[in-house]
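Student: I have a protein model to go through. Can we take it one question at a time?

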Amino acid sequence: MKKFIILCLFAGFTVSAAAASPDKKKTGVIKEDAKSLIYVNSNGQKFKLTKNPKRTIIGFTSFVSLWYYAGGTAVGIPTSRKGAGNVPEAALKVPRIGSFSNLNMEKIIALKPDLVILYANVGGHRMAQEILKTNKTETVLLNYRNYDDFLRILNLFTKLNDKRDQRKMLASPVVSEISKITAKTKKLKGPRFISFMFSGGGLSVETNKANTAHMATMLGGKNIVSAANLPENVSRTSFSLEKIMMENPDVILITTMGNAKKLSAEMKKTLKKDPVWASMDAVKAGRVYFLPNNLFLYRANEKYPESFKMLAKAMYPREKWD
């Protein structure tokens, strides 16, 4: 296990950009009338969408609870591990259309959707969009990497579901609670951290584009992984074990993808028995945190305040957060 993890750190895992760098000024709903709207995603792609879709399929688990939060319902959603992804109770019995990384196009087409919501950063979703286009089914490809995208997608979803008047009511408690937490951490000395994604394919490090690292930075943390020389869309990259030793972070944050219980046990064993890891200040001080998938691997959506508070407790353990 020790050799496996070290090799993965040297090799690195880089998320390639799906298209050009995002243009924030042109992203979002750019035109709207009573029946439809035009949305531009952060890759610059335009989508004309009809309001009040009756049969919506969601291809990415992190969109599910946000779609329901915005007043929508679905006729198909991806499979996910039990208790993961914040799937609302109303969607638990909705038909499954394969995993988000392997959509079952036969099932999707058989459900006769009038809208399919897809994730722009997955190649299979871009292929699905092309197939559905020929089938004359409306689709939209969305980027949702971190909290910064939350309000923009909530705005789109409330408008599609004709709930625009409720948008502020839905967004306010989330934004207000997070603002209180971040206002407090601005007055504190932020710890230096590193954020890992651990999957069956190995261990990779996160830039501030990734969900967990982005939140930790909003809370005043200093990410030891720099994205200065990386393409705009890269959220995970290579970082040598020697570099981690040299930087010696105060806090280590770990999110798992796959069998969380098994992966966490493997990583804990490595941290304890490998003298290189065991020598790091974060490990010696017990400041290694395995974060729950439903709040960090998946986008927390309306539960973002819970994610931020949990992270704040890990980063600033001497402060009171309740």
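Student: What percentage of the 322 residues of the protein count as buried?

Tutor: This is a predicted model, so every value here is computed from predicted atoms. A residue counts as buried when its relative accessible area is under 20%. Of the 322 residues, the share that passes this test is 51%.

Student: How many helices and strands does the protein have?

Tutor: Helices and strands are counted as separate runs along the chain. The protein has 12 helices and 14 strands.

Student: Is helix H5 largely enclosed or open?

Tutor: Helix H5 covers residues 150-160. Its buried residues include Phe150, Ile153, Leu156 and Leu160, and also Arg152 and Lys159.

Student: Are H5 and H6 roughly parallel or roughly antiparallel?

Tutor: The axes of H5 and H6 are 10 Å apart, and the two helices pack at an angle of about 160°. An angle over 145 degrees counts as roughly antiparallel. H5 and H6 are therefore roughly antiparallel.

Student: How many residues of the contact of H5 with H6 are nonpolar?

Tutor: H5 passes H6 in a right-handed crossing. The contact is made by Phe150, Leu151, Leu154, Asn155 and Thr158 of H5 and by Arg167, Leu170, Ala171, Val174 and Val175 of H6. Two of these residues are polar and one is charged, while the number of nonpolar residues is seven.

Student: H6 also meets H12. Are H6 and H12 roughly parallel or roughly antiparallel?

Tutor: H6 is residues 167-185 and H12 is residues 304-315. Their axes come within 9 Å and cross at roughly 15°. Angles under 35 degrees count as roughly parallel. That makes the arrangement of H6 and H12 roughly parallel.

Student: How many charged residues are there in the contact of H6 with H12?

Tutor: The crossing of H6 and H12 is left-handed. On the H6 side are Pro173, Val174, Glu177, Ile178 and Ile181, and they meet Tyr304, Pro305, Phe308, Lys309 and Ala312 in H12. By class, the contact has eight nonpolar residues and no polar ones, and the number of charged residues is two.

Student: Is Asp162 buried, partly exposed or exposed?

Tutor: Asp162 lies in the loop between H5 and H6. Its phi is near 60°, which is a positive value in a residue other than glycine. With a relative accessible area of 42%, Asp162 is partly exposed.

Student: Asn301 is another residue with a positive phi. Is Asn301 buried or exposed?

Tutor: Asn301 is found in the loop between strand E14 (288-290) and H12. Its phi is near 55°. Because its relative accessible area is 0%, Asn301 is buried.

Student: Which residues is Thr27 in contact with, leaving aside its neighbours within four places in sequence?

Tutor: Thr27 sits in the loop between helix H1 (2-11) and strand E1 (28-32). At 14% relative accessibility, Thr27 counts as buried. Apart from those neighbours, Thr27 is in contact with Tyr39, Val40, Asn41, Ser42 and Arg152.

Student: Is Ala278 buried, partly exposed or exposed?

Tutor: Ala278 belongs to helix H10 (residues 275-278). Leaving aside neighbours within four places in sequence, Ala278 is in contact with Leu271, Lys272, Val283 and Lys284. At 27% relative accessibility, Ala278 counts as partly exposed.

How values were computed
Residues numbered from 1 in each chain as written. Predicted model: local features only at pLDDT ≥ 70, side-chain atom pairs only at ≥ 80, totals over all residues. Heavy atoms only, no water. Axes fitted to C-alpha atoms, helices over the stretch in contact; angles between N-to-C directions. Helix = DSSP H or I, 4+ residues; strand = E, 2+ residues; numbered from the N terminus. Parallel < 35°, antiparallel > 145°, perpendicular 65-115°, else oblique. Left-handed = near helix turned anticlockwise from the far one by under 90°. Contact = heavy atoms within 4.5 Å. Nonpolar A, V, L, I, M, F, W, Y, C, P; charged D, E, K, R; others polar. Buried < 20%, exposed > 50% of the residue type's maximum accessible area, 1.4 Å probe, protein only.
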